[in-house]
Amino acid sequence: MRNLRRSCHVAALSAGVSIMALQVQAQPAGTLRIAVGADPATFDPAFNDLPVGNAVDLAVMEGLFRLDPQNNVQKNLATDYAFSPDGKVFTVKIRTGRKFSNGDPLNAEAVAASFNRMLDEKTGSIYRGLYASLGTIKAVGEDTVEFHLAEPNGHILMLLSNTAASIVNVKALQAMGAEYGRKPVGSGPYMVEKFIGGEGFRLVPNPSYSGDYPATLKAIDFTVVPEDGSRMALLETGSVDVVERVPPESMPAINALKDAKVINPPSMFSINMEMVLRGPLADPRVRKALNLAIDREGITKGILGGLGTPSVGMVGPGTQDELRKTFPPISFDPEGAKKLIAEAGYKPGQLTLSFTCPTGRYIKDSQVCQALAGSFENIGIKATPLVVDRGTWTKVVGMEPAQRSDNMGMVGRATAGMDYTLYRLFFTGVGANRTGYTNPRVDALLKEGRAATDPAKQKEIYGEIQNIVWSDQPFLFLWYQTQALGVANRVQGLAIQPNETLVFDKVTLK
Amino acid sequence: MFVLKRLGSALPTLFAVSLLVFLFVDLIPGDPAQILAGPTASNEEIESIRKFLGLNEPLLTRYGQFLRGIWDPSAATSFRTHRPVVVELSERLPNTLIVSIGGLALGLVVGTIAGIVCAMRPGGLADAAITVLTLAGISMPIYWLGLLCIWLFAVNLGWLPAAGASTPAHFVLPILVIATRPAAMFSRLVATSLLESMGKDYLDTARAKGLSETRVVLFHALRNSLIAAVSVAGVQFGGMLGGSVVTETVFGIPGVGRLLVDAVSRADYPVIQYAILMFAFFFVIINLVTDLLTQWLDPRTRDQERAI
């Protein structure tokens, strides 16, 4: 009997081993061809600011943690982590024996060097401020990394799972200089084989990769085509398998194709008019009236062609959903809005507002701007939409509230973190708080929320903050963008994160 | 001597351009540091990036640095990629030149042939058809024509690739599209100028020698008609370099035009400044070459030059 049991065990074990062996032996096959609209200038995670760069960084490098397609944090290089009792040191254990694609060891020292390089002022990283709370990073032995935090931060996992925190090979970077941005040396399942500026780049499997997401494709070819019509033509002619950013007007044509369809994954990108809280907009009744004056359903269906859903909360879906709070949709009530404007002491035509919108930055941005002007006119407000170029728009919406001569600006925001979004936008006096919003209760909660490490406590704190902000209405809440990608039927298993990052973990081609 | 004199007068022009380019780019709305840092960045972060990029230096220092970048590539690096601008430009320039020179050459050949056809049988069917096509060629926006060609030749007929630059076939559509305008212009120019010289005495002499009308036109009248075409071609080529912005965007060609558009939208000052300076340099050279060609074609201009 015992023998029988043993032989069963052996059989089961060997079956298991052979299944594993089969999985291991599954060779990468096929070439996935993708046409992207934006031209990535660099894949260096300290400088990359494009979703296509994120997708490459996720495939070519590894971080301590990573986000799954639903933006949940998963361990990647990390095997274990813990805060010190006083919350000032965050320790991460990492896998041993890992290597970069050039053969250099990926140990604790390499991880510490990567973070310290990003935080060094001389590097000039655009993410230094975002990661400043990480403090100093030290390697302890081969497999332990210690973050000696500059301030307690309960959102560190979120920060570390972002592709901006991907581990770069500092030694290779120093040798390669700026060229590292084109052919980064990482430890991920793929590596950049070639990069032709403005034209495209190709990823191929990294033979030395030994992690949990081995390459499934022989190559991933990216072509950069900024013009929407030309990019769609590439999918229509079968020259590529995936096109990103399908404009609303091209959706029917692509859905009519035999070999490809449009997919619409949710996006965390949340578009709002951020109000300058002085003059007439200091009055909550006016802010509420403006929010009631907008027909969000009409805008998302009629102007955006379905590529958006009306806002029901401060932050978009996928922004730490476990902490995110949603509210009933704001009703479209022009009569109620008119009453509120009258209550605030303005006769029809007496209140004048101007607002700044970019052109070509968000889907149909300038058209929405015109529609908003119409909605405001409808409730007796003289509205002037200022549609400006990207440079001017960046300048205007980045000004201090006191310097602004307009009353609102259209801004889209997408950050994975609740703390990052809310703290920067609503803490009194912080540099990125461009509305001039101030609320002592929110300030206290934001501080508390940043330091809290207990998820239940965080949920309670951020729930209250979102409640207050939603009812204070410092923004004209508009919509959450919906992504639109054209994908050929032969592509299986492509996942897209809410931050528009393509995930190639399980992609196969029929 | 003439070449040297012309080159000498080009230097102050280029210097003036460098100053204007530098100042105008500085006036573009939007702060590069702010654009790089993103909309959620704090003032301190923006300031730190500004310092890193050297934007907090006085204007004169930055202009000096800009001039130094002309001969020292390491002093002129892109804000976004941190690579020397000269490397960025030299990678993209061949594509722009292929499309511009190819388009101009094709336009010149097609335009000249069409012009000759029109001049040989004025008022005929071919003349009428060419006139209509010419009008269409001159009035059609490149952008629209480009998309139309993609729709017809790439999507419907499947003959040519829609966008990209990896094979010679990728350049066929852009060159065809960009050639329409010069072709149309040259055909009008050559036709008018040929018709004008048709009645001239020296052609009668040629005819009296027993040459056929085709030989008279091709070997005697055409040379004079080409003088005007050459000076227009110079200006056209300059315009094509500028027009490369549109063509390269539509056809996804990685050329200097698209690099420039990207640089403007991301406030990558060094790339904008050096790209424009390079275009200005090309304009100066093209003007010089045009003048030399005109002199070679028309000996009278040489005499004028000597008289001065």
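Helices (H or I, at least four residues) and strands (E, at least two) are DSSP runs, numbered from the N terminus. The model described here is predicted: local features need pLDDT of at least 70, side-chain atom pairs count only at pLDDT 80 or more, and totals for chains, interfaces and linings use all residues. Residues are numbered from 1 along each chain as its sequence is written, and side-chain values use heavy atoms, with hydrogens and water left out.

In chain B, the axes of helix H5 (residues 85-120) and helix H12 (residues 269-297) come within 10 Å and cross at roughly 55°. Axes are lines fitted to C-alpha atoms, for helices over the stretch in contact, and angles run from 0 to 180 degrees between N-to-C directions. H5(B) is therefore oblique to H12(B); angles under 35 degrees count as roughly parallel, over 145 as roughly antiparallel, 65 to 115 as roughly perpendicular and the rest as oblique. On the H5(B) side, the contact (heavy atoms within 4.5 Å) is made by B:Val85, B:Leu89 and B:Leu93. H12(B) contributes B:Pro270, B:Val271, B:Tyr274, B:Ala275, B:Met278 and B:Phe282.

One disulfide is found over all chains, a disulfide being a pair of cysteine sulfur atoms within 2.5 Å. A:Cys357 is joined to A:Cys369, with S to S 1.9 Å. A:Cys357 lies in strand S15 (residues 351-358) of chain A and A:Cys369 in helix H11 (residues 365-378) of chain A, 12 residues apart.

Key:
Chains are lettered from A and ligands numbered from 1 in the order in which they are written.
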